[in-house]
Amino acid sequence: MTLAATNGFLSPTGVEIAFLLVGIVTLGAAVVTVTTKQLVHAALWLVVALGGIAVEYLLLTAEFIAWVQVLIYVGSVVVLLLFGLMLTKAPIGRSPDADSGNRPAALAVAVAAAAALIWVVVDAFRTTWIDLDGPAQGSTKVSGSILFRHWVLPFEALSVLLLAALVGAIVLSRRDREREGNN
């Protein structure tokens with residue numbers, strides 16, 4: 001009997017335990033991100049959540065995707081978010097405007113979206129089996145080729161979205177400065 005045959009659901013490996021623990025921390029950071037009333041704290045918890053996802057990719061031996069996650073999301077998106085918060089002079093402390101009172105509706109939409117996403121992913125990969133004894137599928141060459149051949153349009157859309165957010169933050173900060181100058 002081989003080592004692969006002895007490991008199963010009831011005897012997890014160290015990587016599986018680490019994956020579960022990092023997943024729990026990432027989920028907790030994501031929940032804190034959307035429930036905190038302090039915008040800067042939300043941005044910093046978002047860094048923890050996105051960093052946790054990068055660690056999950058590392059545990060899945062998808063190093064290239066993990067570093068893309070760090071560079072694009074943790075690096076660019078969070079820096080842009082913090083830059084936008086600073087430019088628009090968002091409140092640093094607790095903000096009563098950060099809570100609209102629509103939490104039950106938002107929770108219902110989030111649960112419905114999560115259920116739909118889980119259903120789609122499970123349905124799409126129900127009959128897919130990965131040959132663990134075959135060649136490694138997560139190599140940088142394979143991942144990069146698939147990522148940049150089939151996912152170039154979403155990457156470009158993300159770059160346009162980031163640019164629009166940056167321009168929007170600059171426009172909002174200039175309007176605020178013009179109003180202060182007129183008063």
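The model is predicted, so local features are taken at pLDDT of at least 70 and side-chain atom pairs at pLDDT 80 or more, while totals for chains, interfaces and linings use all residues. Residues are numbered from 1 along each chain as its sequence is written, and side-chain values use heavy atoms, with hydrogens and water left out.

The chain holds 7 helices and 0 strands, where helices (H or I, at least four residues) and strands (E, at least two) are DSSP runs numbered from the N terminus. From the N terminus on, the order of elements is α-α-α-α-α-α-α. Of the 183 residues, 16% count as buried; buried means under 20% relative accessible area, exposed over 50%, and partly exposed in between, for a 1.4 Å probe and protein chains only. Among contacts (heavy atoms within 4.5 Å) between residues at least 6 apart in sequence, 72% join residues at least 24 apart.

The mean pLDDT, the predictor's confidence in each residue from 0 to 100, is 78 for the chain, and 78% of the residues reach 70 or more. Confidence is lowest in helix α1 (residues 3–6), with a mean of 53, and highest in helix α2 (residues 14–35), at 91. Where pLDDT is low, the predicted coordinates should not be read in detail.

Helix α2 packs against helix α3 (residues 39–59): their axes come within 8 Å and cross at roughly 160°. Axes here are lines fitted to C-alpha atoms, for helices over the stretch in contact, and angles run from 0 to 180 degrees between N-to-C directions. Angles under 35 degrees count as roughly parallel, over 145 as roughly antiparallel, 65 to 115 as roughly perpendicular and the rest as oblique. The helices α2 and α3 are therefore roughly antiparallel to each other. Residues of α2 in this contact include Val 15, Phe 19 and Val 22, and those of α3 include Trp 45, Leu 46 and Glu 56.

On to the next pair, α3 and helix α4 pack at an angle of about 175°, with their axes 8 Å apart. That makes α3 roughly antiparallel to α4. Among the residues of α3 that take part are Leu 46, Leu 50 and Tyr 57, and among those of α4 are Trp 67, Tyr 73 and Leu 85. The loop between α3 and α4 contains Thr 61. This residue has a positive phi of about 60° although it is not a glycine; most residues other than glycine have a negative phi. Thr 61 is partly exposed, with a relative accessible area of 49%.

Helix α4 (residues 63–87) also packs against α6, at an angle of about 50° and with the axes 8 Å apart. The pair α4 and α6 is therefore oblique. Phe 64, Ile 65 and Val 68 in α4 meet Thr 140, Ser 143, Gly 144, Leu 147 and Phe 148 in α6.

Within helix α6 (residues 140–150), Ser 143, Gly 144 and Leu 147 are buried. Seen down the axis of α6, the buried residues fall within an arc of 95°, so they line one face of the helix; the arc is that of the directions from the helix axis to the C-beta atoms. Lys 141, Arg 149 and His 150 are exposed on the other side of α6.

Helix α7 (residues 152–182) contains Phe 155, which is partly exposed, with a relative accessible area of 22%. Not counting residues up to four places away in sequence, Phe 155 touches Val 68, Ile 72, Leu 147 and Phe 148. The C-alpha atoms of Phe 155 and Ile 72 are separated by 9.6 Å, although the two residues are 83 apart along the chain.
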